[in-house]
Amino acid sequence: MKTLTGFILGLIALPALFALAGVLGWLPSTATATPPGWESSFGMKALDASLEKRSDKLSNPIDPKDAASLAAGKKIYAYNCAGCHG
Ligand code: HEC
């Protein structure tokens, strides 16, 4: 019983301490901070798995050899994507 009580208190104490640290302003809040390697690695794996799962049954409805479609896509990419993806 003591072990179970200690375990449950531990489960509550850790998030409570984390919340307290946040309220006291001890957690970093800069958006430009470089994320730790484990976070980037986990995030990229989750992103890849999610995209693969969601794109599994999709097919491209646009003919990839159609010049007008390619030009329109190039324009959309330049406006909406190139800022981040180069
Ligand atoms: C505000 C910045 C931003 C914009 C704008 C943006 N993206 Fe992204 N995109 C990201 C980030 C960050 C990722 C995740 C990291 C990565 O793969 O580079 C990502 C990931 C992706 C991926 C998955 C890549 C992979 O490695 O699996 C695709 C595909 C993609 N973006 C396509 C697009 C397209 C198409 C557009 C325009 C319609 C777009 N993005 C606009 C920031 C952006």
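How many buried residues are there among the 19 residues of H2? The count is zero, and H2 is hardly covered. A residue is buried if 20 or more other C-beta atoms lie within 10 Å of its own, exposed if 12 or fewer, and partly exposed in between, with C-beta atoms placed from the backbone.

This is a predicted model, in which local features need pLDDT of at least 70 and side-chain atom pairs count only at pLDDT 80 or more, while totals for chains, interfaces and linings use all residues. Residues are numbered from 1 along each chain as its sequence is written.

**Whole chain.** The protein has four helices and zero strands, in the order α-α-α-α along the sequence. Helices (H or I, at least four residues) and strands (E, at least two) are DSSP runs, numbered from the N terminus. Along the principal axes, the C-alpha atoms fill a box of roughly 70 × 30 × 20 Å. The radius of gyration is 23 Å, whereas a compact globule of 86 residues would have one near 12 Å; the value is taken over C-alpha atoms, and the globule rule is 2.2 Å times the number of residues to the power 0.38. Of the 86 residues, 0% count as buried.

**Colour by confidence.** The average pLDDT (the predictor's confidence in each residue, from 0 to 100) is 91, and 100% of the residues score at least 70. H1 has the lowest confidence, at a mean of 91, and helix H3 (residues 67-80) the highest, at 96.

**Select residues 2-23.** Zero residues of H1 are buried, so the helix lies largely in the open. Next, pick Gly25, which follows H1 and has a positive phi, near 80°.

**Select residues 37-55.** Draw a distance from Gly43 to Leu11: their C-alpha atoms are separated by 25 Å.

**Select the ligand.** Which residues surround the ligand? They are Leu47, Asp48, Leu51, Asn80, Cys81, Gly83, Cys84 and His85.

Methods:
A residue is near a molecule or strand if its C-beta atom, placed from the backbone, lies within 6 Å of it.
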